[in-house]
Amino acid sequence: MVKDTEVNMMHGAGGEVMGELLQTLTAFKNNNAGGIGLESLDDGSTFEIGGKTVVLTTDGHVVKPLFFPGGDIGRIAVSGTINDLSVMGARPIALTCGMVIEEGFPIENLQKIVESMDKALGEVGAAVITGDTKVVERGSLDGIAINTAGVGVIDHYVIRDKSLKPGDKIIVSGTIGDHGMAIITYREGFDLGEQLKSDVAPLWKMIEGAIKAGGDGAIHAMKDPTRGGFAACINEMARKAGVKVVVHEEDMPIRESVASAGALLGILKRRTLCLPH
């Protein structure tokens, strides 16, 4: 097999190809400050301050289109970072926000994005406390790119993505494919309104409830399925834990609207378990 010599779009889509790129991006010799370090490739890393375990994560966000049914790049940026903290069992506290904005970007759209970010932050009681802005030449960027970093505190116990155990049940936080299909169809010119919209949201409140309800250590592993979706996420978790995960297609929770759109675009060959709109 000949390895790629240049970065291409597949390197950002998850799976084995992205894994090869990560080997380069994470080749730091000193990458652990006393907790869970970069080499673990988890959703974030930990370190200790004043007897408290702190989780730190960072993520870059680009999406096309910037606005879509159910959300926008601002909601994605905040939700993605908050969820990376949350799946490690950390209560989100503070975020940073770095924006790279293309010359000519409408101020009105920027205001909408910031308002969307603020709303998502308010849903979990977190805040953006510092940031940075850069403006680049017209035509050198698809409007705007956002980087967010987040800090959270472990109040209960650290949750890893590599700790699946035989007999564990896989629980998803909602129906599968809503976000990706909403973006794809809207990008291709299909505006299906309320029938097909993104479910992007910060999930800390739900995860916190599950942690408290389950008791100490009840949740063995958790991960935020972003790049590559559910399939890439569950494969990575299984590989890290050294276990096999069996998924029954008929048990996959997929909305009827998502399944229909997927079949229309040739993404789904047949329908799985379909839920009402």
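1. Glu123 is partly exposed, with a relative accessible area of 32%; here buried means under 20% relative accessible area, exposed over 50%, and partly exposed in between (1.4 Å probe, protein chains only). Its side chain forms a salt bridge with that of Arg75 (3.0 Å, N to O), a salt bridge being a side-chain nitrogen of Lys or Arg within 4 Å of a carboxyl oxygen of Asp or Glu. The pair links distant parts of the chain, 48 residues apart, with Arg75 in helix H2 and Glu123 in the loop between H3 and S6. Arg75 is buried, at 13% relative accessible area. Helices (H or I, at least four residues) and strands (E, at least two) are DSSP runs, numbered from the N terminus.

2. On the basis of the values: this is a predicted model, in which local features need pLDDT of at least 70 and side-chain atom pairs count only at pLDDT 80 or more, whereas totals for chains, interfaces and linings use all residues. Residues are numbered from 1 along each chain as its sequence is written, and side-chain values use heavy atoms, with hydrogens and water left out.

3. A search of the whole structure finds eleven salt bridges. One of them joins the side chains of Asp161 and Lys240 (2.9 Å, N to O). Because Asp161 lies in the loop between S7 and helix H4 (178-187) and Lys240 in helix H6 (residues 229-241), this pair ties together parts that are 79 residues apart in sequence. Asp161 is buried at 1% relative accessible area, while Lys240 is partly exposed at 23%. Both residues belong to a network of salt bridges that also includes Lys223 and Glu236.

4. A further salt bridge links the side chains of Lys212 and Glu208 (3.5 Å, N to O). These two residues are four apart in helix H5 (residues 204-214), so about one helical turn separates them. Lys212 counts as exposed, at 52% relative accessibility, and Glu208 as buried, at 17%.

5. Asp84 is buried yet has no salt bridge, and the nearest side chain of opposite charge, Lys223, is 7.1 Å away; Lys and Arg count as positive and Asp and Glu as negative, while His and the chain ends are not counted. Leaving aside neighbours within four places in sequence, Asp84 is in contact (heavy atoms within 4.5 Å) with Asp43, Thr57, Asp59 and Asp224.

6. Five strands form an open sheet in the order S1-S2-S7-S5-S6, with mixed pairing; two strands pair if DSSP finds at least two bridges between them. The edge strands, S1 (45-49) and S6 (127-136), each pair on one side only. S2 (residues 52-61) and S7 (residues 144-154) are antiparallel over eight bridges, and Asp59 stands opposite Thr148 in S7. S5 and S7 also run antiparallel, joined by eleven bridges, whereas S5 and S6 run parallel, joined by nine. In S6, Asp132 is the bridge partner of Gly98.

7. What joins Lys64 and Pro65? The link is a cis peptide bond, with omega about 5°. Pro65 is located in the loop between S2 and strand S3 (67-68). Most residues other than glycine have a negative phi, and most peptide bonds are trans.

8. Lys112 lies in helix H3 and counts as partly exposed at 40% relative accessibility. Leaving aside neighbours within four places in sequence, Lys112 is in contact with Phe67 and Asp72. Lys112 and Asp72 are 40 residues apart in sequence and 8.9 Å apart in space, C-alpha to C-alpha.
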